[in-house]
Structure formats: C-alpha cells, structure tokens
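Please open the structure in your viewer and keep the selection panel at hand.

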Amino acid sequence: MSDSPTVLCAQPDADERAETADVLADAGLSVEEVGSIDTLDTALDRSIDCVVTAFDFADGDGFDVVDAVREVNPDCVVILFTEHAPSDLPRGGPEQVVEYVPRTVPESRERLADVAAMAAAEVTQAAYPVPETEAERLAAVQQYDVDRLAAIDTFDRLTALMTSHFDIDVAFVGLMDEHEERFLACEGANWRTLSREDTICTHTILSDETMVVEDTHEDPRFANVDALKRLDIRSYAGVRLTDEAGNAIGAVCCTDGEPRRYTQAELDDLRRFADEVEEQLLLRRRLQEEP
Amino acid sequence: MSQRQDDRYRFDGLPLNPVDLGTSLLVTGPVLSGAREMGLRLLCSPDIDGGTVLVSTDSDATTMLEDFERYGGVLDRDRVRVIDCAQESSGLQDDSVSTVSTPADLTGIGIEYSGHYESTYANGYTRVRTGIITLTPLLVYSDDVRAVYRFLNTITGRIGTADGLGVCVLDPDAHEEQVVESVAQFFDGRVDVRADAGDLDLRVKGLRDQPTEWTPVSAGT
C-alpha cells in the first residue's frame with residue numbers, strides 16, 4: 001500500500017481527467033478517478049485525503065460532490081477545479097466550504113497539483129478546531145489497542161460508579177480517533193461512536209482544564225448540534241485523558257438530559273475518575289509492551 | 001520552519017519581530033479603537049513580491065481600501081484585492097474587487113478568496129497577506145458555528161501551506177468567551193490590542209520572541 005496521500009479526481013471528460021490525474025501523480029499523489037456523481041459512492045472512503053472535482057457533470061454539479069464527500073468523510077479537503085468564475089457558481093450551503101483553483105490561471109493543472117499535494121498532506125476542512133499536535137496525538141491514540149488491554153470491564157465499573165456518584169444519565173470513557181470519538185465504556189446509553197464535529201469532547205481535548213457545559217442550548221458552540229439533541233445531552237462535564245507525553249487521547253465525561261451545574265467538589269471527583277482511567281490505560285499498556 | 005530569518009514576514013513600524021511563513025494571527029480588541037487599525041497595519045507589505053487579499057465584512061470595498069492606504073498600504077490593484085461582503089454597495093467596478101452578498105455565504109467567500117489568491121499568485125506576488133476584517137459578522141450570521149470552524153480550517157490551511165500570512169480581527173466583547181477561545185484555537189498566535197487615551201498598546205500570546213507584556217505602538221502613517 002502506498003504511503004502517498006490519496007486524491008480522488010472527479011471529472012466527466014475521460015481525456016481531461018486522465019491529464020489531470022497524470023499531473024497529480026507527478027506531484028507524488030496516489031490518484032483514483034471517477035467520471036460521474038453516480039459512481040462517487042464506490043470510490044469514496046476515509047482513505048481519501050483530498051477530492052479534486054470539476055463543477056459540471058451530466059448527473060449533477062460540484063456541490064453534489066461536496067455533499068457526497070461530507071457524508072462519508074466530513075473532514076476531507078475538496079478542491080473545485082473549474083473554468084467557472086466564482087461569481088458564475090451557484091451559492092453553496094455553509095457546510096460546502098471548499099478550496100478552489102480556477103482553470104483560467106496559467107498552468108492551472110500544475111497549480112492545482114501544488115495546492116492538492118499540500119492540502120492532502122497538511123490541511124483539513126474539519127468543522128471543529130484541531131489540536132496543534134494532531135499527528136502526534138493520533139499516533140499516541142494508536143498505541144492503545146484497547147481490546148488487548150482488557151480494560152473494558154474496569155471502565156464499565158468506573159462509569160457505573162460515576163453515574164450513581166454524580167446522579168447523571170450517562171458517564172463514558174472515549175478515545176478521540178481521527179474522525180470520530182470511540183466510546184470504550186458508556187454507562188446509561190449504548191453509544192459506540194460519534195462523528196468528531198458533533199462531540200463536545202473535541203473541545204475538551206484542547207485544554208487541561210475541566211470542560212463544563214451547563215446547558216448546551218445556551219452555548220453557541222453546541223446549540224445547533226442536532227446529534228447532541230438526539231442523544232439527549234443537555235449538560236456535560238469532561239476531563240481529557242493524556243498519555244505520559246501529554247498527548248490528549250480522549251476524555252472521561254458526564255452527561256445529563258437536563259441543564260446542570262457541578263460543584264468544585266464534584267469536578268475534583270471527576271478529575272480523580274479521569275486520573276484512575278489514565279493510570280489504568282498506562283499500566284495496562286506497559287504490561288502489554290513487556291516481552 | 002526552516003526558512004531563512006530574512007524570509008519571514010516583517011511588520012515595519014510595529015513593535016513586533018518577524019513571524020514565520022505560514023503564520024496566522026488573531027487580532028483581538030475593540031474594533032473601532034485599535035484592533036481594525038492593527039489588523040490593517042499588519043497587512044501592509046514592504047515586500048517587493050508581496051500581495052494582500054482582504055475579506056471585508058464590516059465596510060464596503062472603497063472604505064476598506066481607503067483605510068488600508070491610510071495605515072500604510074500601497075494601492076496597487078495587481079497586488080491588493082478585496083472580497084466585499086459587507087452588504088453595502090460601494091459601486092466599485094474593478095477586477096480586483098468582488099462582492100459576496102452576505103457574510104453568511106461562507107462558501108462564496110471561500111471560493112472568491114481562493115480565486116483572488118490564485119490571481120495574486122499568478123501575477124508574481126507570492127508572499128500573500130490575507131486579512132479578514134472582521135470575523136464578527138461571519139460568526140453572527142452563521143446559524144451553526146461549525147460552518148465558521150470549517151471556513152477557518154480551509155483559510156488557515158491555505159495560508160499555512162502557501163507560506164502566506166493570515167490576520168483576522170475579532171472584538172472579543174462581541175462574543176461569548178467560549179466562542180472567542182475556540183476561534184483562537186485556529187491561529188498560531190494572538191495579538192491583543194487596547195487603546196489608552198488614543199494611544200495603542202499590544203501584546204502577543206502563543207508566539208516566541210514577541211512582546212508578551214503591553215507594549216506601546218507608535219502612531220500609524
């Protein structure tokens with residue numbers, strides 16, 4: 001398997017597509033190709049780092065491509081590569097923010113390749129703030145093969161204790177992967193994963209301070225997040241989990257269906273629960289590493 | 001970053017050291033008494049290959065260009081470009097200016113921005129300074145702040161990978177503290193500005209070798 005970033009090139013004309021693909025490949029990118037909106041679904045998965053798309057297709061337009069990409073890989077960079085001037089393009093929705101390289105600039109394919117190569121390697125179009133040390137953080141998360149650590153029973157017990165101690169609906173331990181939060185233990189609900197842009201924890205991992213949202217409806221960061229309403233998360237308190245190098249790997253959290261305040265004593269207790277989880281993860285990982 | 005010291009972005013007349021290529025700065029403070037002026041002064045390029053792309057959300061393109069010139073910018077239409085989304089018609093007819101009907105149209109602003117960036121680049125001005133003055137209407141007009149997060153990742157991503165400089169102005173008093181803190185996460189550093197009896201002070205957070213205590217700023221040109 002290639003280590004090169006992968007770009008999906010969507011252009012309806014086969015000759016033009018092949019020409020664009022050649023230039024992208026020359027820039028060191030691994031290139032996949034599609035010629036219609038209809039065939040996008042089979043090509044799209046989370047291994048795609050960047051999508052380069054024309055605007056006009058027989059079965060739709062570039063914004064249909066953006067929608068299809070966001071459905072599968074919401075953080076993926078999409079670059080419109082078109083001869084249309086910006087003012088000639090229809091208005092897209094706010095979630096359709098894209099990169100754009102006009103075909104009218106000199107040597108536009110070479111310029112596209114520059115922009116795509118850099119974007120595929122370094123840029124995200126995620127709808128959330130990404131930690132400055134994201135690459136190191138993700139490498140740290142991958143060190144924790146939780147199934148082999150046999151820690152789930154321990155975390156189940158801890159989260160059960162948390163729900164009764166704080167008198168809340170749900171307590172969970174989550175690891176923050178590249179695109180979603182993965183719940184290792186979840187007392188009070190059966191959540192498995194949640195898209196990262198829908199989580200409060202994606203903000204929790206940015207700071208070593210305890211994150212408290214007393215009422216999601218009153219917090220502009222979360223008031224319009226439908227997933228939180230669907231999961232009945234009206235209040236939240238969370239502490240991030242770090243490894244010994246300080247990389248934020250996830251969070252230990254409380255949620256409730258009603259607005260709620262936490263006393264300082266409760267927040268101190270929550271941090272103790274998080275310390276316990278952190279220590280369990282570290283000790284079990286060290287045991288696993290021993291020959 | 002590995003670039004030579006003298007390749008970095010300089011800020012003539014301001015008490016700031018040069019910053020690395022690809023840096024994005026958030027300028028915070030009262031917009032009408034300091035932060036807007038500071039944002040525009042940071043965008044004035046002394047470089048022979050320097051260009052500027054301005055996203056104007058709080059005033060029409062004519063006013064923005066007049067203010068840019070007042071604070072030391074050189075109005076060369078090949079290298080200074082404006083996206084006007086202030087909902088006030090300036091009537092300015094020029095290839096270097098484009099209009100987006102509302103600050104809520106983040107997709108339109110992003111595409112116009114990339115188009116102007118590419119035109120500036122194609123004209124040989126490859127050290128592009130990007131200004132968003134101010135972020136407040138983008139946040140106020142967006143129903144869901146996550147759309148602004150995606151927009152900021154896209155813009156700062158281009159600035160970072162193209163070795164540009166980004167300067168975005170925000171009045172922290174216009175937003176809840178949590179929003180300001182989360183927006184600040186998208187930037188490499190923060191320049192706080194305050195006005196004291198007409199005199200400006202600044203301090204910098206998040207960047208090395210910059211004044212971290214309040215430091216007087218000499219009057220603009």
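Select the residues where the chains are in contact, meaning heavy atoms within 4.5 Å: 43 residues come from chain A and 31 residues from chain B. This is a predicted model, in which local features need pLDDT of at least 70 and side-chain atom pairs count only at pLDDT 80 or more, while totals for chains, interfaces and linings use all residues. Residues are numbered from 1 along each chain as its sequence is written, chains are lettered from A in the order in which they are written, and side-chain values use heavy atoms, with hydrogens and water left out.

Chain A and chain B bury about 3200 Å² between them, 58% of it from carbon and sulfur atoms, where buried area is the accessible area (1.4 Å probe) that two parts lose on being put together, summed over both.

Next, show Glu99(A) and Arg158(B), which form a salt bridge whose closest N and O atoms are 2.7 Å apart. A salt bridge is a side-chain nitrogen of Lys or Arg within 4 Å of a carboxyl oxygen of Asp or Glu, and the rule finds four of them across the interface of chain A and chain B.

Finally, select domain 1 (6-122) and domain 2 (134-289) of chain A, whose bounds come from an automatic or database domain assignment. Their centres, taken over C-alpha atoms, are separated by 36 Å, and across their interface the rule finds zero salt bridges.
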